[in-house]
Amino acid sequence: MAISANRLELLQIADAVAREKTIDRGIVIAAMEDAIQKAARSRYGSETEVRAEINPRTGEIKLQRLLLVVEHMENPATEIEKQDALARNPAAQIGDFIAEPLPPLDFGRIAAQSAKQVIVQKVREAERDRQYDEFKDRIGEVVNGVVKRVEYGNVIVDLGRGEAIVRRDELIPREQFRTGDRIRAYIYDVRREQRGPQIFLSRTHPQFMAKLFAQEVPEIYDNVIEIRAVARDPGSRAKIAVISKDSSIDPVGACVGMRGSRVQAVVGELQGEKIDIIPWSPDEATFIVNALQPAEVAKVVVDEDAERIEVVVPDEQLSLAIGRRGQNVRLASQLTGWAIDIMTEHDESERRQKEFAERTQLFMDALNVDEVVGQLLASEGFASVEEVAYVERDEVASIEGFDEETADEIQARAREYLEEVEAKLDEERRELGVSDDLRAIPGITTAMLVALGKDEVFSVEDLAGCATDDLTGWTERANGEVVRHPGALSDFDFSRADAEAAIMAARVAAGWISAEELEADEAGEVEEDGEEAGEEEAGVVTTGVVHEV
């Protein structure tokens, strides 16, 4: 079947395809040239180098065969001898190509079908490249579209100049869309794909809610009010933390609107999702108290090293603080980035009594004293035998009922007990095979050496090869929950700074780096920290500090 389209029709087809697919006309013409070249190769041989050119103004098709200029011709279909080439072009050199005109090509049925496939493929690739280039910089925007079709729960959306997909897990639960429905969603990813949509939308993403508030609340759009954090349980409940840069504007009231008009517009878009709007605070304890609303909080204990917070609530507020299936505390944890442990005042009282009894028993066993003396030491705040052994004598003697002689005797018993424990730990260290060289590392105790030996750290080289997380442990967030992974020295009062110092000291001792290089690195870090501290303001909450609310 021969192609009957004249030159004008060829250009009209190219223009129509370019308009329909919103791609450049030159790309369509280039695709047609590739299709003609492929058909010509099937006619003249696959090894023949054929070039097709379509004049973009007249539509004239020019077919040429390229012949390589060689000294001695071996394949007449692809090569031409230098003598013949000079006859056609006096400037021809070996390695050049001579263009030989070919007669117009009649497409058979198979050749025409093959050419059509080439054109369709090239046009589709150009369309996908155009979509990617147009939307790659629009990640983070909210777009409106029309549902094109629904496939296995996934919603295919027509955005006008592109096709996007809302996967089933990115839809709000119990949400149903039909062909032709209008849909609003958040662009969370745009990536190159060989097939299928390249634009990925979400209606469950936390930033979708933030963008909706920016559309409804002019103060957020104008950056007078800032959204600091968002946590969602899509379709059920959400928490959003806001702060105002203008002290005269209430951030919570501005987001709620007159008679709740602003927040209700967002709730309606999110299929009735209940939204708690809370004020953000730079103080972690205050922020967490706000995040747990509507529950009332009696006390907050912040442990920065473990990245955990203990919250004490009245007994009747426990179920409200936890929420249905743990929803309230889970959203508060996601919003603040802290792991939150909730207990009642009764539970905290029992825990304190248990800790007091354990410390009392510790002093009774270690110091060989009666229960009254053990309780006195525990009530004075002593938590370990080490504290009793090495504090000033006057601190022990100042306890009611104690004198200097009693204090000396108690401290002597404490030191004797510690020496016995040290001897047992040192024997266990030797049995594990931990090197004596590790004792020279600053900050490493015998008990730590035993723990390192159980973690298969036996020598200075082993310690030098450790990372900070290997010693102190690390935390990671999985499915909205903070998971703590212990390290070799997690049971000790050993901070990340202590771990880094010990590892660097081990590397110096192992000869990996010199002491001069270490001092130079530390000096550079101190200078950088000084510059950053001058530029940034940071709120610090001391570990173990109790904030009364």
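Hi everyone, let's start with a sheet: three strands, in the order β10-β11-β12, form an open sheet with mixed pairing, where two strands pair if DSSP finds at least two bridges between them. Its edge strands are β10 (225-233) and β12 (274-279), each pairing on one side only. On average, neighbouring strands here are turned by 20° against each other, direction ignored.

Before we go on, a word on the source. This is a predicted model, in which local features need pLDDT of at least 70 and side-chain atom pairs count only at pLDDT 80 or more, while totals for chains, interfaces and linings use all residues. Residues are numbered from 1 along each chain as its sequence is written, and side-chain values use heavy atoms, with hydrogens and water left out.

Back to our sheet. How many bridges join β10 to β11? Eight, and β10 and β11 (residues 237-244) run antiparallel. Within that pairing, Ala231 stands opposite Lys239 in β11. Helix α5 (residues 206-216) lies across β10, β11 and β12, at about 140° to β10. Axes are lines fitted to C-alpha atoms, for helices over the stretch in contact, and angles run from 0 to 180 degrees between N-to-C directions.

Now the wider view. The protein has 21 helices and 18 strands; helices (H or I, at least four residues) and strands (E, at least two) are DSSP runs, numbered from the N terminus. Of its 549 residues, 39% count as buried. Buried means under 20% relative accessible area, exposed over 50%, and partly exposed in between, with a 1.4 Å probe and protein chains only. Among contacts with a separation of 6 or more, 55% come from residues 24 or more positions apart; contact means heavy atoms within 4.5 Å.

Next, some enclosed pieces. Why is helix α9 (residues 284-291) described as largely enclosed by the rest of the structure? Because seven of its eight residues are buried, among them Phe287, Ile288 and Val289. Strand β13 (residues 299-303) is also largely enclosed, because four of its five residues are buried. Five bridges join β13 to β14 (residues 308-313), and the two run antiparallel. Val300 stands opposite Val311 in β14.

Find the loop between β13 and β14, and you will see Glu307. Is Glu307 buried or partly exposed? Partly exposed, because its relative accessibility is 36%. Glu307 and Trp338 are 31 residues apart in sequence, and 6.0 Å apart in space, C-alpha to C-alpha. Leaving aside neighbours within four places in sequence, Glu307 is in contact with Trp338, Ala339 and Thr475.

Here is another glutamate: Glu175, in the loop between β7 (163-166) and β8 (182-190). Glu175 counts as buried because its relative accessibility is 9%. Not counting residues up to four places away in sequence, Glu175 touches Arg203 and Gln271.

Last, a helix pair. Two packed helices are described by the angle between their axes and the distance between the axes. For α16 (residues 404-432) and α17 (residues 446-454), the angle is about 25° and the axes are 9 Å apart. That makes α16 roughly parallel to α17, since angles under 35 degrees count as roughly parallel, over 145 as roughly antiparallel, 65 to 115 as roughly perpendicular and the rest as oblique. Residues that meet in this pair include Leu425 and Leu432 in α16, and Leu449 and Val450 in α17.
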